Amino acid sequence: MKATIKTNKGNMTFELNSDAAPKAVENFATHAKNGYYDGLIFHRVIKDFMIQGGDPTGTGCGGESIWGKSFEDEFSLDARNYYGALSMANSGPNTNGSQFFIVQAKSVPDSLLSQMEDLKENGFPQKVIDTYKEKGGTPWLDFHHTVFGMLTDGEDVLEDIASTKTGMADKPVYDVVIETIEIED
């Protein structure tokens with residue numbers, strides 16, 4: 001399943017991973033099909049970290065799932081917060097609603113990569129370390145935020161949004177608007 005987030009700065013396309021996160025994908029896709037995200041803004045943008053949206057209040061404090069209540073986290077060893085990951089924003093364990101973020105960190109701090117290398121002896125996968133080295137991302141968010149998609153097209157748009165001038169609470173000075181999200185089965 002694919003999702004294209006159409007913004008006033010361009011489009012980003014994601015491959016959704018319903019194997020790793022079936023509830024998160026169902027929630028996001030249903031909201032998108034129902035127009036829930038249409039006209040909402042990316043309310044939090046932190047360059048070299050992530051961009052966040054999906055809150056109808058535009059404050060970072062609102063939104064709910066399609067079930068009207070929080071739903072549980074879905075973690076997979078194969079779904080990591082690499083650069084371009086589409087992940088659920090939350091306020092702690094099992095508090096997923098409608099908010100999501102897109103990882104924009106193009107590199108991982110050397111000290112963190114070194115710590116991951118040290119964990120290899122305990123079974124930390126070399127493939128994960130190599131992918132974080134190559135792609136970048138936010139490994140400290142793994143198993144804290146459900147990853148349910150990966151950017152396949154529109155890196156230039158992600159970078160443009162990440163470069164947006166921000167003010168208080170990392171909110172863009174000029175609205176970055178989600179015009180619509182199209183789902184392709």
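This text is a guided tour of the structure shown above, stop by stop.

The model is predicted, so local features need pLDDT of at least 70 and side-chain atom pairs count only at pLDDT 80 or more, whereas totals for chains, interfaces and linings use all residues. Residues are numbered from 1 along each chain as its sequence is written, and side-chain values use heavy atoms, with hydrogens and water left out.

**Stop 1: the paired strands**

Select residues 2-7, strand S1, and residues 10-16, strand S2; the two run antiparallel and are joined by 6 bridges. Strands (E, at least two residues) and helices (H or I, at least four) are DSSP runs, numbered from the N terminus. Two strands pair if DSSP finds at least two bridges between them. A hairpin of 2 residues connects S1 to S2, and threonine 7 has glycine 10 in S2 as its bridge partner.

**Stop 2: helix H3**

Select residues 126-135, helix H3, where Val128, Ile129, Thr131 and Tyr132 are buried. Buried means under 20% relative accessible area, exposed over 50%, and partly exposed in between (1.4 Å probe, protein chains only). These residues cover an arc of only 165 degrees around the axis, so they lie on the same side of H3. The arc is that of the directions from the helix axis to the C-beta atoms. Lys127 and Glu134, on the other side of H3, are exposed. Now show helix H2 (110-118), against which the buried residues of H3 pack.

**Stop 3: asparagine 81**

Select asparagine 81, in the loop between strand S4 (50-53) and strand S5 (85-88). Is this residue buried or exposed? Asparagine 81 is buried, with a relative accessible area of 0%. Leaving aside neighbours within four places in sequence, its contacts (heavy atoms within 4.5 Å) include Ser87, Phe101, Tyr132 and His145.

**Stop 4: the largest cavity**

Finally, select Glu74, Phe75, Ser76, Ala79, Asn81, Asp142, Phe143, His145, Thr146 and Val147, which line the largest cavity. On a 1 Å grid over the protein atoms alone, a cavity is a set of points where a 1.4 Å probe fits but cannot get out, and lining residues have an atom within 4 Å of a point. The largest cavity holds about 50 Å³ of space, a volume being the space filled by probe spheres set on the points.

Conventions: On a 1 Å grid over the protein atoms alone, a cavity is a set of points where a 1.4 Å probe fits but cannot get out, and a pocket is an open set with protein on both sides within 12 Å along at least five of seven lines; lining residues have an atom within 4 Å of a point.
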